[in-house]
Amino acid sequence: SLAGLTQRARLTIIANQEISTGMLAFVTCPREARSRAGLNQSAFWSRFGVTQSGGSRYEAGREIGGPTQILMMLYAFGKVDDQDLLEVRTALGSAFKQSAE
């Protein structure tokens, strides 16, 4: 309950919930997230290790798998960026496999 908190604490909690909800849209509305990023399907989904066809299926309503959801949320929260993802793919080398779920 927010009743026992100061007004500032209540507003902080509400603001954080709104931010989290907005960030959740990155996973729940992937077509919109990609469109806002101004990227085609290949460019957007490859950063998360997903093929263009897999991303297309996600955008058409297929449920995004848990590991991809986690990676997307880390990206949305700014915990990882494009450079981090590139470094990991480079480190994996030929062991890196894109998901076509």
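The dialogue below treats the nonpolar core and then the salt bridges.

Me: On what conventions do the values rest?

Reply: This is a predicted model, in which local features need pLDDT of at least 70 and side-chain atom pairs count only at pLDDT 80 or more, while totals for chains, interfaces and linings use all residues. Residues are numbered from 1 along each chain as its sequence is written, and side-chain values use heavy atoms, with hydrogens and water left out.

Me: Which residues have the most contacts inside the largest nonpolar core?

Reply: A nonpolar core is a set of buried Ala, Val, Leu, Ile, Met, Phe, Trp, Tyr and Cys residues joined through side-chain atoms within 4.5 Å. Buried means under 20% relative accessible area, exposed over 50%, and partly exposed in between (1.4 Å probe, protein chains only). Here the largest such core has 14 residues, and those with the most contacts inside it are Phe26, Phe44, Trp45, Phe48, Ile64, Met72 and Tyr75.

Me: Which elements give two or more residues to this core?

Reply: Helices are DSSP runs (H or I, at least four residues), as are strands (E, at least two), numbered from the N terminus. The elements in question are α1 (7-28), α3 (41-46) and α5 (66-76). The most comes from α5, with three residues.

Me: What is Phe26 in contact with, leaving aside its neighbours within four places in sequence?

Reply: Contact means heavy atoms within 4.5 Å. By that rule, Phe26 is in contact with Ala33, Phe44, Phe48, Met72, Tyr75 and Ala76.

Me: How many salt bridges does the count come to?

Reply: Side chains of opposite charge can pair when their charged atoms come close. A salt bridge is a side-chain nitrogen of Lys or Arg within 4 Å of a carboxyl oxygen of Asp or Glu. The count comes to four.

Me: Where in the chain do Arg47 and Asp82 lie?

Reply: Arg47 forms a salt bridge with Asp82, their closest N and O atoms being 2.9 Å apart. This pair links distant parts of the chain, with Arg47 in the loop between α3 and α4 and Asp82 in helix α6 (residues 82-92), 35 residues apart. Arg47 counts as buried at 12% relative accessibility, whereas Asp82 is partly exposed at 36%.

Me: What separates Glu32 and Arg36 in helix α2?

Reply: Glu32 and Arg36 are separated by about one helical turn because they are four residues apart in that helix. In their salt bridge the closest N and O atoms are 2.7 Å apart.
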